[in-house]
Amino acid sequence: MSGDAGAAAADRPRLRYAPSPTGDPHVGNIRTALWSWLHARRHGGAFIVRIEDTDQARAVPGAEERILESLRWLGIDWDEGPGIEGPHAPYVQSQRLPLYGEAVDRLLAAGSAYRCFDTPEQLAAIREERRARGAFGYDGRCRAIAPAEAEARAAAGEPFVVRLRMPDDGSTAFHDAIRGEIRVENATLDDFVILKSDGFPTYHLAHVVDDHAMRITHVTRGDEWIPSTPRHVRLIEALGWEPPTYVHTPVILGPDGGKLSKRHGARSVLEYADEGYLPEALLNFLAITGWALDDHTEILSREELARHFDIGELVPNPAVFDTQKLEWMNGVYLRQLDASRLADLFEARLARDLLREAQRPLDRALVEAIVPLVRERVKLLAELAPMVDFLFTGDIAPPEQEALLGKPYRGRAAEAQHALNACYAALDPIERWTAEPIEVALRATAEELGERAGSLFMLCRVAVTGRAVTPPLFETMELVGRERTLARLRSAEQTLRY
RNA sequence: GCCCCCAUGGUCUAGCGGCCCAGGACGCCACCCUCUCAAGGUGGAAACGGGGGUUCGAGUCCCCCUGGGGGCACCA
């Protein structure tokens, strides 16, 4: 590679999302992926997905596909990774074992790393004994084993791990894009394991080797990794490479300031998808919790984010996941959608939530008629069914007397009954069954009865829909249809008759 | 115990030494609109954790304290 093209390419950031397939990705985890993706898109770089499955014991079947599905749902695409491949394939660590082996051999040959034969039990004992003395970690006793002897024991089949030799004094520093320089004393670093006895690399080794091989420029990950980053820097140095820029992202907290947990509702993006959140809303929300464009902009499209976001501008402190703000934002996005897209979403959602009971297929025209009535009343798709179910069920259970006589008619059963009767009489002769004549008739009825219009409307609302909260009454009655409206009025009246 | 990170209203944040007796958003309260609920409109309550410095001047820089979080595995 030479000339301007090479130089330009070298300037382009390459970021990666490197999840372990141990379960559904957490929103905090996905937020880091999103930020990485945005940064890559903003600067004309590349976004890579790499599966880190070096812990065979914790692998969860199907987890990888769920992770990729989460990314796809949010509209986060990757330039290299599973299903795409590319110049650094494969993108699954368990398929890259030879690479880690080569690195270990080099380290061993250079004397920067050494074999260790302690059993897990021995290590636990060492740890316990040292902790009692106020020391920490591993004491480096295997450094004393001569390389030739270690090699012989390994060749004889004795299980071993490989540890990296850490400097005893001095300090180690690295650059974090959102916190600046972080420096620690080497005395606080012990010789850590880079190759496990099962022949698999640890995270430390594997990610360092892969990030180098894949030319990753910014290592993004949760800030719980900060304490081990100096080790990674030493490893990189021992391998003769240059460290990347680190971006340690803060955590997302639950409403109580603690860890986000099942108690707080959804944690994985797939759960949010299931509850009826829009991907563009969750994406916007995640992007701006921990980052702000300016002092007033909240709603940013995927494209706008990709145009303005910079990973160095992230806020360093942890954020509480504000579900209420997410809901508000989802409502904003829902209201922005055009009618036909909304009808599609509603149709799918209602089919899922209602069809099991109602035997009839969904009436597309009816769904389309609903859109203008509920689009401003729904923040989540999941709220839709309870708001319009009475339109789709053939017969609703007649509302309880108690419900019919809610506030407006409390203690006035006879008057309510009379009012229902009057409404029936007023509506029955209507020829064109649409909202306008219905409204005219009902308002006239209220006046005749000397009743507050609102009170009468509420009585009708409960009688016809079985609910106290619905879309606007007249439009609703239009959709319920003349026959069902009149029948339900009659039925409600019967209920009041005892 | 040792090490590290963080710190503006209930929550997310703007602020990168004077433009801030601190701005926006969600939420909350009130009012308006109104057939319920929403949506929308208007107004309101609500914050720089504490103490020392530096400086003519500190939310903004430094130190300490406090508080919160994380790490100290053959897990990532």
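Good morning. Please keep in mind throughout that the model is a predicted one. I shall begin with helix H4, which takes part in two helix pairs.

Helix H4, residues 97-110, packs against helix H7, residues 203-213, with the two axes 10 Å apart. The angle between H4 and H7 is about 100 degrees.

Which residues of H4 meet H8? They are Ala103, Arg106 and Leu107, and they face Leu235, Ala238 and Leu239 of H8. The contact of H4 with H8 comprises five nonpolar residues and one charged residue, with no polar ones.

Let me now turn to the loop that lies between helix H3, residues 63-74, and H4. Two residues of this loop deserve attention. Pro90 is found there, and a cis peptide bond joins Ala89 to Pro90, with omega at about 0 degrees. Glu85 lies in this loop between H3 and H4 as well. Although Glu85 is not a glycine, its phi is positive, at about 60 degrees.

The next helix pair is H13, residues 339-354, with H14, residues 364-374. Their axes are 9 Å apart, and the packing angle is about 115 degrees. H13 and H14 are therefore also described as roughly perpendicular to each other. H13 passes H14 in a right-handed crossing. From H13, the contact uses Ala339, Ser340, Leu342, Ala343, Asp344, Phe346 and Glu347. H14 contributes Arg364, Val367, Glu368, Ile370, Val371 and Val374. How many of these residues fall in each class? Eight are nonpolar, one is polar and four are charged.

Rolling a probe the size of a water molecule over the atoms shows where empty space is left. The largest pocket holds about 1200 Å³ of space. It is lined by 41 residues, and those closest to its centre are Ser20, His26, Asn29, Glu224 and Trp225. Which elements give two or more residues to this lining? They are strand E1 (14-17), helix H2 (27-42), strand E8 (218-222) and strand E10 (252-253). The lining of the largest pocket divides into 14 nonpolar, 14 polar and 13 charged residues.

The second largest pocket has a volume of about 320 Å³. Its lining consists of 14 residues, and Leu123, Val161, Val193, Lys196 and Ser197 lie nearest the centre. Of the lining of the second largest pocket, eight residues are nonpolar, four are polar and two are charged.

Thank you for your attention.

Definitions and conventions:
Residues are numbered from 1 along each chain as its sequence is written. Chains are lettered from A and ligands numbered from 1 in the order in which they are written. This is a predicted model: local features need pLDDT of at least 70, side-chain atom pairs count only at pLDDT 80 or more; totals for chains, interfaces and linings use all residues. Side-chain values use heavy atoms; hydrogens and water are left out. Axes are lines fitted to C-alpha atoms, for helices over the stretch in contact, and angles run from 0 to 180 degrees between N-to-C directions. Helices (H or I, at least four residues) and strands (E, at least two) are DSSP runs, numbered from the N terminus. Angles under 35 degrees count as roughly parallel, over 145 as roughly antiparallel, 65 to 115 as roughly perpendicular and the rest as oblique. A crossing is left-handed if the near helix is turned anticlockwise from the far one by less than a right angle, and right-handed if clockwise. Contact means heavy atoms within 4.5 Å. Ala, Val, Leu, Ile, Met, Phe, Trp, Tyr, Cys and Pro count as nonpolar, Asp, Glu, Lys and Arg as charged, and the others, Gly among them, as polar. On a 1 Å grid over the protein atoms alone, a cavity is a set of points where a 1.4 Å probe fits but cannot get out, and a pocket is an open set with protein on both sides within 12 Å along at least five of seven lines; lining residues have an atom within 4 Å of a point. Grid points are joined across faces, edges and corners, and a volume is the space filled by probe spheres set on the points.
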